[in-house]
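User: I would like to learn how to read a protein model. Could you take me through one, feature by feature?

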Amino acid sequence: MTNRNIPINFEFFPPKTEAGQAKLVAVANVLADEQPEFFSVTYGAGGSTRDGTRRTVLQLNNEVGVPAAPHLSCVGDSREDLRTLLNDYRAQGIQRIVALRGDLPSGMGHASGELRYANELVEFIRAETGDHFKLEVAAYPESHPQAPNFETDLKNFIRKAQAGADSAITQYFFNADCYFHFVDRVRQAGVDIPIIPGIMPITNYSKLARFSDACGAEIPRWIRKQLEAYGDDSDSIKAFGTEVISQLCERLIEGGAPGLHFYTLNQAEPTVAVLRNLRG
Ligand code: FAD
C-alpha cells in the first residue's frame, strides 16, 4: 500500500534462463516489501512461455509469498490447452488470472486458437471454472491499435466486463486525461468494474519508443523531446522519468484511480523510486 492506501501490483515477464529466474526472485522479494496486492506474470501468446509462466507464477506465489496471477491468452491456444492450464492453476491454489486475446509473435502465422477475442476467453473461463478465479482484462484508454475507432473499442471492452471480468488493467499511457475520459465513458455505459491504470516507469528512451509504437501508447512531445535531448545520459533519463511518472501517479490517485499496476520489466529500482516519491 502507498501512504494513500492505494492497492498496487507488479507485472513481470517469465525469464528465459536460470540466472534470470534467480534475479527475478530477488527483485520480487524487494517489491514484496511494498505490500502489493498481487504479482502478475505475462504469457507468450501461442503458448511460447507456457512452462515459464507457470514456473514463475508458482515460484512467486509459493516462495516469495505474494499471490501471483498468470496472464493467459487465447489467440493461439486450443480450448483443451486452456482447460488443462486452468485446471492446473486451480489445483495449485492460484486465484486470479489476467485474461487476454494476446498477439502472436511475428513468424507464428495467423491466430490458430479456437477463441478469437478476450471476451470469449472470459466466457470460457467462467463456464469452465465458475467464480473460482478473479479475472482481470486489458483496457486501452488510447484505443487498441487494431480498433477502427474509440467507440468500437469501448463496446468491445464492455463485452469483457459483461462476460464476467472482475476488474481491468490499462495499457500504459502518459496522459492522465485519456484515462479519466475512458473511465467516464465506461461508467456512462453502466459498467462499474475497477479500471486500474498500468504504469510504465521510464528508464530507456529507445526501448520505450519501440514499445510505445507497437502497443499504441502515445509519448507526449514534451516528454519525447526531453528524453531525446538526454541522449545516453541514463542518470538524467531516470531522474526525469521518475519525476514524470510520479506526477502522473499523483494525478491518477487524486482523480480516484482504484490502484496502480506497474509494468516492472523485471526491475525493482525504477518502480521503487516512484513509490518513494508517492509516499512523500
Ligand atoms: P481483445 O479485448 O480481444 O481486443 C483485441 C482487439 O479486438 C481490439 O481492437 C478490440 O476492439 C477488438 N475486439 C475485441 N473483442 C471483439 C469482438 N468480440 N468482436 C470484434 N472485435 C473485437 N499480450 C501477450 O501476448 N501476453 C501478455 O501477457 C499480455 N499482457 C497484457 C497485460 C495488459 C494489462 C495489457 C493491457 C496488455 C497485455 N498484452 C499481452 C497485450 C495484449 O494481448 C494485446 O494488446 C492484444 O492485441 C489484445 O489483447 P486483448 O485481451 O486486449 O484483446
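This is a predicted model: local features need pLDDT of at least 70, side-chain atom pairs count only at pLDDT 80 or more; totals for chains, interfaces and linings use all residues.

User: Is Tyr 205 buried or exposed, and why?

Analyst: The idea is to count the C-beta atoms around a residue, and 20 or more within 10 Å make it buried. Tyr 205 has 21 C-beta neighbours inside 10 Å, so it counts as buried. Leaving out residues up to four places away in sequence, Tyr 205 touches Leu 227, Glu 228 and Ile 237.

User: Where is Ser 48, and how does the count come out there?

Analyst: Ser 48 is in the loop between strand S2 (38-41) and helix H2 (50-64). Ser 48 counts as partly exposed because it has 15 C-beta neighbours inside 10 Å. For the chain, buried residues make up 41% of the 280 residues.

User: What is the overall make-up of the chain, in helices and strands?

Analyst: The chain has 10 helices and eight strands. Along its principal axes, the C-alpha trace spans about 50 × 45 × 40 Å.

User: What is the largest nonpolar core made of?

Analyst: In soluble globular proteins, nonpolar side chains tend to be buried together. Here the largest nonpolar core has 73 residues, and those with the most contacts inside it are Ala 99, Val 122 and Ala 168. Helix H9 (residues 234-254) gives the largest share of this core, five residues.

User: Which residues does Ala 168 contact?

Analyst: Neighbours within four places in sequence are set aside. Ala 168 is then in contact with Glu 136, Val 137, Ala 138, Ala 139, Ile 193, Ile 195 and Ile 196.

User: Which residues come nearest to the ligand?

Analyst: There are 25 residues around the ligand, and Thr 42, His 71, Arg 101, Ala 118 and Ala 138 come nearest. Elements that each supply at least two residues of this shell include strand S3 (68-73), helix H4 (118-129) and strand S6 (167-172). The largest share, five residues, comes from H5. By kind, the shell divides into nine nonpolar, 11 polar and five charged residues.

User: What is the phi of Leu 265, and what is that of Asn 266?

Analyst: Leu 265 has a positive phi of about 50° although it is not a glycine. Asn 266 is likewise a residue other than glycine with a positive phi, near 65°. Leu 265 lies in the loop between strand S8 (260-263) and helix H10 (269-279), and Asn 266 is in the loop between S8 and H10 as well. With 17 C-beta neighbours inside 10 Å, Leu 265 counts as partly exposed.

Methods. Residues are numbered from 1 along each chain as its sequence is written. A nonpolar core is a set of buried Ala, Val, Leu, Ile, Met, Phe, Trp, Tyr and Cys residues joined through C-beta atoms within 7 Å. A residue is buried if 20 or more other C-beta atoms lie within 10 Å of its own, exposed if 12 or fewer, and partly exposed in between; C-beta atoms are placed from the backbone. Helices (H or I, at least four residues) and strands (E, at least two) are DSSP runs, numbered from the N terminus. Two residues are in contact if their C-beta atoms, placed from the backbone, lie within 7 Å. A residue is near a molecule or strand if its C-beta atom, placed from the backbone, lies within 6 Å of it. Ala, Val, Leu, Ile, Met, Phe, Trp, Tyr, Cys and Pro count as nonpolar, Asp, Glu, Lys and Arg as charged, and the others, Gly among them, as polar.
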